[in-house]
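I am opening a notebook on this structure and will write down what I looked up, entry by entry. Each term gets its cut-offs where it is needed.

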Amino acid sequence: MALKGLFSMMESRPDSVLVEQAARGDGESFTELCRRYYGAMVAIGHAIIRDRHLAEDAAQQAFAKAAVHLPKLRRADQFGPWLAAICRNEAKDLARARREPPVGDEPAVAEDLPDSGESDKIVREALSRLPAEAKEVIYLRFYDGLSYDRISAVLGISEQAINGRLRRAKKRLAQYLRRSGFDEVDL
Amino acid sequence: MSERKDEKWLDQQLQRAVNGTTPAFDAQAWKQKYAGEFQTLLGRSVQPSRLSAGRTVRRVLRGSIGKFAIAAALLATAGVLLVGRFGSTPVPPGSGPQPAAQQSPAQMVSMISLSAAFRSGGMEGLDKQCDRALERLGPRPTNVSMQELFKDLDGKG
């Protein structure tokens, strides 16, 4: 009962409070931050490296670096964008180690999944041709249906800016899909 | 197809293509895998005073009032140091210790008079100075009002 109360108290705390407590060596606050940002970090990693397990590795390594360098973070409200930047670097390093060009550096071939249909393949191909920034916002939105509010906390931009970024990304996708024979897509 | 339908179709396609379900964060596994990093984080809890002092100083320095207060404190310190170094103000002529005959009992037991007596005659001189001050006061009644006492000390009695 007491443990449940502790968890609910921890969950209700804003990110910035947890960041300040974690910077003072509070392990529970840091773990709660990891829980909150894990999905977003895996999505960011997956937008760069086309391997889910490596994307998870990138997210976990980003947390490890954040644990060490947290006192260097000057503004607690910038934790999300700061962590996202670390995660991008980790994912790019993993992609380089795997000799896979990180997405956004050059057009990449879509990931082949064994049971994917033709339309899925084409959509993935279209996704892989998006610029890194656009692909990242698509992944954040559709990986696990992250809210605009959470995406805003991760990217450090307003919800309007996220909406604009998403619309532009979808328009580009629609253009590519129309060229690939999906005549019905008209955004 | 309408734009809204197209967007819905595209959203569905994207959901399938991205194929994501948020994995749960396994805190225990992470702590084991990155034990060194986690210990570094926990190690900061043993120096709270140093951290909070640093944060307090940073906060004070950020605020304009804090900056002003620090500037004022620095100026005051510099002023005190300068006065201490160069500010041994010259004694105006005639303001030195008066001859004992012209001094009131209060002047006779002031720090200047007592230290002058000590310099000239040591403990004996100091003793004499106190005796002279008592003589000047003369025999006093046992019951004396505060007003009378002040009058005596000022030598106006």
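**Entry 1: helix 2 of chain A.** I began with helix 2 of chain A, residues 15-23, and noted that its buried residues are L18(A), V19(A), Q21(A), A22(A) and A23(A). Here a residue is buried if 20 or more other C-beta atoms lie within 10 Å of its own, exposed if 12 or fewer, and partly exposed in between, with C-beta atoms placed from the backbone. Helices (H or I, at least four residues) and strands (E, at least two) are DSSP runs, numbered from the N terminus. I then looked up what covers these buried residues, and found that the cover includes helix 3 and helix 5 (79-97) of chain A together with helix 3 (35-43) of chain B. Just after helix 2 of chain A, G25(A) has a positive phi of about 95°.

**Entry 2: what kind of model this is.** I remind myself that this is a predicted model, in which local features need pLDDT of at least 70 and side-chain atom pairs count only at pLDDT 80 or more, while totals for chains, interfaces and linings use all residues. Residues are numbered from 1 along each chain as its sequence is written, and chains are lettered from A and ligands numbered from 1 in the order in which they are written.

**Entry 3: the two chains.** For chain A I noted nine helices and zero strands, and 44% of its 187 residues count as buried. Chain B has eight helices and zero strands, and of its 157 residues 10% count as buried. For contacts between residues at least 6 apart in sequence, I wrote down that 59% in chain A join residues at least 24 apart, and that the figure in chain B is 40%. Two residues are in contact if their C-beta atoms, placed from the backbone, lie within 7 Å.

**Entry 4: where the chains touch.** How many residues does each chain give to the contact? I found 38 residues from chain A and 31 residues from chain B. On the side of chain A, the elements that give two or more residues are helix 3 (27-48), helix 4 (52-69), helix 6 (118-128), helix 7 (132-142) and helix 9. The largest share of that side, ten residues, comes from helix 3 of chain A. By class, the side of chain A that touches chain B has 21 nonpolar, seven polar and ten charged residues, where Ala, Val, Leu, Ile, Met, Phe, Trp, Tyr, Cys and Pro count as nonpolar, Asp, Glu, Lys and Arg as charged, and the others, Gly among them, as polar.

**Entry 5: the core.** The largest nonpolar core has 66 residues, and those with the most contacts inside it are M41(A), L83(A), C87(A) and L140(A). Such a core is a set of buried Ala, Val, Leu, Ile, Met, Phe, Trp, Tyr and Cys residues joined through C-beta atoms within 7 Å. Helix 3 of chain A gives the largest share of this core, twelve residues. Leaving out residues up to four places away in sequence, I listed the residues that L140(A) touches as A40(A), A43(A), I44(A), L146(A), I151(A) and V154(A).

**Entry 6: Y139(A).** Is Y139(A) buried or exposed? Y139(A), which lies in helix 7 of chain A, is buried because 26 other C-beta atoms lie within 10 Å. The C-alpha atoms of Y139(A) and I44(A) are separated by 6.9 Å, although the two residues are 95 residues apart along the chain. Not counting residues up to four places away in sequence, Y139(A) touches A43(A), I44(A), H46(A), A47(A) and, from the other chain, V18(B).

**Entry 7: helix 9 of chain A.** I finished with helix 9 of chain A, residues 159-179, whose buried residues are I162(A), R165(A), A169(A), K170(A), L173(A), A174(A) and L177(A). The axes of helix 7 and helix 9 of chain A come within 9 Å and cross at roughly 105°; axes are lines fitted to C-alpha atoms, for helices over the stretch in contact, and angles run from 0 to 180 degrees between N-to-C directions. Helix 7 and helix 9 of chain A are therefore roughly perpendicular to each other, given that angles under 35 degrees count as roughly parallel, over 145 as roughly antiparallel, 65 to 115 as roughly perpendicular and the rest as oblique. The residues of this contact divide into six nonpolar, no polar and five charged. Just after helix 9 of chain A, G181(A) takes a positive phi of about 105°.
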